[in-house]
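Below are some notes for a colleague going through this entry. Please read them with the structure open, beginning at the ligand.

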Amino acid sequence: MELLKKLEILADAAKYDASCSSSGTTRRSSVGGRGMGSSEGSGICHAYAPDGRCISLLKILLTNFCIYECSYCINRNSSNVQRARFTTKEVVDLTLDFYKRNYIEGLFLSSGVIQSPDYTMAQLVEVARSLRVDHDFRGYIHLKTIPDAGGQLLADAGRFADRLSINIELPTQVALADLAPEKDHRTIKLSMARIRAGRDEVAEQRRQAKRITNASPRRAAAPRFAPAGQSTQMIIGAEPSTDALEQLSLRAAMCCGCPLYGPATQTVFGEGPQKARLMLVGEQPGDAEDLAGRPFVGPAGQLLDRALNAAGLDRSQLYLTNAVKHFKFEPRGKQRLHAKLDYHEVAACRPWLDAEIMRVAPDVVMALGGTAASALLERRVAVTRERGRAIAWKGRQLWVTVHPSFLLRSDATAGQSFDRFVADLRIAAAI
Ligand code: URA
């Protein structure tokens, strides 16, 4: 297939990827030598630089062949569109040619998934590598990353590209399972977290280099990682119904309202039915929760499960969450030890907890431990004083009990403490 034909197909196929802002215009064709300056056709789009400048981009897909079957995507495997595929060298040469002719100042490159996520991502990275390393290309590069591609490929992409993006695709996991069965919000969020961690790590290296050389962070010789940041896009309205809680959790996944998001693996949002009658609020995720992306799955969670069983409660009917959605820890060798939250971290996370309570609207909220109780009541709380009675709170009942990790630590009286914890849960459930 001729290069021009490929360009026509793959520039058109890229128009669903967000790289730029757009404005409406009428189409005036100049095909066949009629006039000049057509706005028809595709291939060149715009993005904004951090300083507000508008940058022109060659915006294309590497290929619109795709092994995935996302129902909302024109390039899905079963779609009857005309297909094309550039070689990596063709993309590099096109970019350089367009650049030299002053058509563009950068490249936006996305792709359908061919062979495997890693294979496809490696091809995208190779384009960026070749532009930067073989041709010393200084223009702007935006790579759309492929969900499920490995961490090393993301790291390489971040070294060569100015901006990385990854599509959330749809607002809920249910919709994703329905409409894009090969994709998963957890891996998408993990890739987003990896990009963020890469940026933070490089920012820290630059600060350290500045400290040593006394140069400004911009001039300090340190690596770069996607300096223009990361972005995302999602399709609203394709799914039959949108779960407000899941939308909220996706927004929380990108929260950087306090420094805890940096070292943590991911945001651990609450989970449970949207209309749960009982909500349990813990303190913060632990090591296991941070890795799994789910609350109460580690040792304290296992003890809580036993207590819930003993109280005759079905975990799947409750909403479980934490006052703070990121794990705060201190590294100790290979271990990550739970660290005490401070007031600012609890306050920064409070809007997420409020939003969960507003959407779930439980009849009863039970605070597990002093931190959760203080977060909810916005005052210092001594668990022993407040335990065992209903507190009228914002039109619902608030109960305070101990945190399950307290029971993990207690010794001779453990049996008794466990029974009392079960009794607290039983009372709250009976309301
Ligand atoms: N402790 C908590 O407070 N929350 C969890 O999710 C796990 C342990």
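1. A polar backbone atom of Glu283 lies 2.7 Å from an oxygen atom of the ligand, while a nitrogen atom of the ligand is 3.0 Å from a backbone N or O atom of Gln284. From the side chain of His403, an N or O atom is 2.6 Å from an oxygen atom of the ligand. Of the 240 Å² of accessible area that the ligand has on its own, the protein covers 94%, by the Shrake-Rupley method with a 1.4 Å probe, where for residues only the protein chains shown count as cover. The residues that surround the ligand, each with a heavy atom within 4 Å of it, are Gly282, Glu283, Gln284, Pro285, Glu289, Pro295, Phe296, Asn322 and His403.

2. On provenance, this is a predicted model, in which local features need pLDDT of at least 70 and side-chain atom pairs count only at pLDDT 80 or more, whereas totals for chains, interfaces and linings use all residues. Residues are numbered from 1 along each chain as its sequence is written, and side-chain values use heavy atoms, with hydrogens and water left out.

3. With a disulfide taken as a pair of cysteine sulfur atoms within 2.5 Å, the count is zero. The sulfur of Cys255 has its closest cysteine sulfur in Cys349, at 6.2 Å, which is too far for a bond; the sulfur of Cys258 likewise has its closest cysteine sulfur in Cys349, at 6.5 Å, again too far. Burial is judged by relative accessible area (buried under 20%, exposed over 50%, partly exposed in between; 1.4 Å probe, protein chains only), and on that scale Cys255 is buried at 19% and Cys258 is buried at 16%.

4. Helices and strands are DSSP runs numbered from the N terminus (helices H or I, at least four residues; strands E, at least two). Helix H2, residues 88–100, has 13 residues and reaches 18 Å from its first C-alpha to its last, close to the expected 18 Å, the expected span being 1.5 Å times one less than the number of residues. Its buried residues are Thr88, Val91, Val92, Leu94, Thr95, Leu96 and Phe98. Their cover, counted by contact (heavy atoms within 4.5 Å), includes helix H1 (3–13), strands E1 (44–48), E2 (54–61) and E3 (106–110), and helix H3 (117–134). Just after H2, Asn102 takes a positive phi of about 70°.

5. Leaving aside residues up to four places away in sequence, Thr145 touches Met121, Leu154, Leu164, Ser165 and Ile166. Asp148 also lies in the loop between strand E4 (140–144) and helix H4 (151–160); Asp148 is partly exposed at 35% and has a positive phi of about 80° although it is not a glycine.

6. A further backbone point concerns Glu378, a residue other than glycine whose phi is positive, near 55°. Glu378 sits in the loop between helix H11 (370–377) and helix H12 (383–386), where Glu378 is exposed, with a relative accessible area of 58%.

Definitions and conventions:
A polar contact is a pair of N or O atoms within 3.5 Å; within protein, one must be able to donate a hydrogen and the other to accept it, and residues adjacent in sequence count only if both atoms are side-chain atoms.
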